[in-house]
Amino acid sequence: MMKISIVIPAKNEEKHVGKLIDKIEDLNLDSKNLKLEIIAVNDGSTDRTKDVILKKMRKYKNVKIVSYKKNRGKTYACVRGVKKAKGRWIIIMDADLQHDPQDIKKFIKSMKGADIIIGERPMNKIPIIRKISNIVAAKFINFFTERNFDDVLCGYRAIKKEKFNQLGLKDGR
């Protein structure tokens, strides 16, 4: 059976995080062959993000929370979420609904034989300053990997947990 953990770093996302969790649950991905858990990480929110996540935990048994009072940043939130994750695969997606949960199905189909899968956003929806940094980063990565990636800075990713842990990311800023 394949186990997948979806890690959702969230800071002040009370308007979005609950809708995102509902959309993921609406995919009905749990089966005999696939177990899904959702780990929402409340990254020091000052709004009701934590309350919304707790409400979803009561509604869905596979939703978990990691929460702390001080904002520590997205990397810290991801590392903390992955530490709690039970899945062999980790999917990281932003809480603000910019990533389409339907793409989780595409990620799952692409997992065989891969270590990491990077999502892409429509380039016309990326602010110009981020578009420029994305183009520069893509040129650099494409040169060294001899591949052709367009959106290397997209935060929507799937990665084997063992590979994530090998990155050596610290759970501090």
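Predicted model: local features only at pLDDT ≥ 70, side-chain atom pairs only at ≥ 80, totals over all residues.

Guide: Residues are numbered from 1 along each chain as its sequence is written, and side-chain values use heavy atoms, with hydrogens and water left out.

Visitor: Which residues touch the most other members of the largest nonpolar core?

Guide: A nonpolar core is a set of buried Ala, Val, Leu, Ile, Met, Phe, Trp, Tyr and Cys residues joined through side-chain atoms within 4.5 Å. Buried means under 20% relative accessible area, exposed over 50%, and partly exposed in between, with a 1.4 Å probe and protein chains only. The largest core has 31 residues, and those touching the most other members are Ile-8, Ile-24, Ile-91 and Ile-104.

Visitor: Which elements each supply at least two residues of this core?

Guide: Helices (H or I, at least four residues) and strands (E, at least two) are DSSP runs, numbered from the N terminus. The elements that each supply at least two residues are β1 (2-10), α1 (17-26), β2, α2 (49-59), β3, β4 and α4.

Visitor: How many salt bridges does a search of the whole structure find?

Guide: Side chains of opposite charge can pair when their charged atoms come close. A salt bridge is a side-chain nitrogen of Lys or Arg within 4 Å of a carboxyl oxygen of Asp or Glu. The search of the whole structure finds eight.

Visitor: How many residues apart in sequence are the parts that Lys-64 and Glu-37 tie together?

Guide: The side chains of Lys-64 and Glu-37 meet in a salt bridge of 3.0 Å, N to O. Because Lys-64 lies in strand β3 (residues 63-68) and Glu-37 in strand β2, the pair ties together parts whose separation in sequence is 27 residues.

Visitor: Where is Asp-94, the partner of Lys-74?

Guide: The side chains of Lys-74 and Asp-94 meet in a salt bridge of 2.6 Å, N to O. The pair links distant parts of the chain, 20 residues apart: Lys-74 is in helix α3 (residues 74-84), and Asp-94 is in the loop between β4 (89-92) and α4 (103-110).

Visitor: Why does Asn-42 count as buried?

Guide: Asn-42 has its place in strand β2 (residues 34-43). Leaving aside neighbours within four places in sequence, Asn-42 is in contact (heavy atoms within 4.5 Å) with Ala-10, Thr-49, Lys-50, Ile-53, Val-66, Ser-67 and Tyr-68. Asn-42 counts as buried because its relative accessibility is 3%.

Visitor: What accessible area do Ile-128, Ile-129, Ile-132 and Val-136 have together?

Guide: Patches are made of residues with over 30% relative accessible area and no salt bridge, like charges being joined within 9 Å and nonpolar side chains (Val, Leu, Ile, Met, Phe, Trp, Tyr) within 5 Å. Accessible areas come from the Shrake-Rupley method with a 1.4 Å probe, and for residues only the protein chains shown count as cover. Ile-129 lies in helix α5 (residues 128-145) and counts as exposed at 63% relative accessibility. The four residues form a nonpolar patch on the surface, and their accessible area together is about 430 Å².
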